Amino acid sequence: MRGEFPDFRLGSVLATSFTGTLSERHGNAVERIPTPHRLVDWLVVNGLAVDSCTTAQLELARELRESIHAAATAAAIQGPLPAPAVQVINDRSAQGRAAAILTPEGERRWRLSSASRVEDALGVIAADAISIIAGERDGKLALCASPTCKAAFFDTSQSRTRKWCDMNTCGNRQKKARFIAKQRKNPASAE
């Protein structure tokens, strides 16, 4: 990855990892795909290599990202799905040309059209979003407990009680804040 950009937050669910390309939405937002080339980088890391990306395609990607975030957030709080978000997700899913393929190792991978267009990769991401929002996969949508984050994530823990989108960032930040607050309340315990 390019050193001048923040690292990607990678997860096991494509759609929610994609929404994580904009983090800290309720604090100092961090844009992880600020340029078309950075979107190409993210797609490569996630097995959706494309040849190139234009500024217009980056805008389509961001529109999809925000639509997935809006729909996943609504699903997580069991509210009605926003119609404009649903329309964008459905449009991107229908416009993409990709095929699921089975690797010799027994894993599913995606083969994009021969032109390797960004729209095809977005179609895969939209289809993944549809499967989790529709409840087709084992797990549940939840929102990060961090007040500055509130990212939608897909909880596949056995108890379905995970609190953080990422324990290494939001979870550790909250644990550190609680520790510091406890130390301030009881300075004698620090000795």
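Which backbone oxygen lies 3.1 Å from a polar atom of the side chain of R25? The backbone oxygen of T19 does. The legends below describe a predicted model.

**Figure 1. Overview of the protein chain, with 6 helices and 6 strands.** Along the sequence, the elements run α-β-β-α-α-α-β-β-α-β-β-α. The C-alpha atoms fill a box of roughly 65 × 40 × 40 Å along the principal axes. The chain has 191 residues, and 40% of them are buried. Among contacts with a separation of 6 or more, 55% join residues 24 or more positions apart. The accessible surface is about 10500 Å². Carbon and sulfur atoms contribute 52% of that surface.

Figure 2. R25 has a relative accessibility of 17%. The cut-off for buried is under 20%, so R25 counts as buried. A polar atom of the R25 side chain sits 3.1 Å from the backbone oxygen of T19. The side chains of R25 and E66 are joined by a polar contact of 2.5 Å. Neighbours within four places in sequence are left aside here; beyond them, R25 is in contact with T19, R65, E66, H69, T148 and C149.

**Figure 3. Salt bridge between the side chains of E31 and R65.** The N to O distance is 2.8 Å. E31 belongs to strand 2 and R65 to helix 3, so the pair ties together parts that are 34 residues apart in sequence. R65 has a relative accessible area of 3% and is buried. E31, at 24% relative accessibility, is partly exposed. In general, side chains of opposite charge can pair when their charged atoms come close.

**Figure 4. Salt bridge between the side chains of R117 and D120.** N and O are 3.0 Å apart. D120 is buried, at 0% relative accessibility. R117 is partly exposed, at 26%.

**Figure 5. Salt bridge between R160 and D138.** Their closest N and O atoms are 2.5 Å apart. The pair links distant parts of the chain, 22 residues apart. R160 lies in the loop between strand 6 (152-155) and helix 6 (167-185). D138 lies in the loop between helix 5 and strand 5 (140-143). D138 has 65% relative accessibility and counts as exposed.

**Figure 6. Salt-bridge network that includes R25 and E66.** Salt bridges with shared partners join R25, E31, E59, R62, R65 and E66 into one network. The structure holds 13 salt bridges. One of them is the E31 and R65 pair, at 2.8 Å.

Figure 7. Which residues of helix 4 are buried? They are A85, V88, I89 and R92. An α-helix has 3.6 residues a turn, so residues three or four places apart point the same way. The buried residues of helix 4 pack against helix 3 (55-76) and helix 5 (118-133). A83 and A94, on the other side of helix 4, are exposed.

Conventions:
Residues numbered from 1 in each chain as written. Predicted model: local features only at pLDDT ≥ 70, side-chain atom pairs only at ≥ 80, totals over all residues. Heavy atoms only, no water. Buried < 20%, exposed > 50% of the residue type's maximum accessible area, 1.4 Å probe, protein only. Helix = DSSP H or I, 4+ residues; strand = E, 2+ residues; numbered from the N terminus. Contact = heavy atoms within 4.5 Å. Polar contact = N/O pair within 3.5 Å; in protein donor to acceptor, adjacent residues only side chain to side chain. Salt bridge = Lys/Arg side-chain N within 4 Å of Asp/Glu carboxyl O. Areas by Shrake-Rupley, 256 points an atom, 1.4 Å probe, with all protein chains shown as cover.
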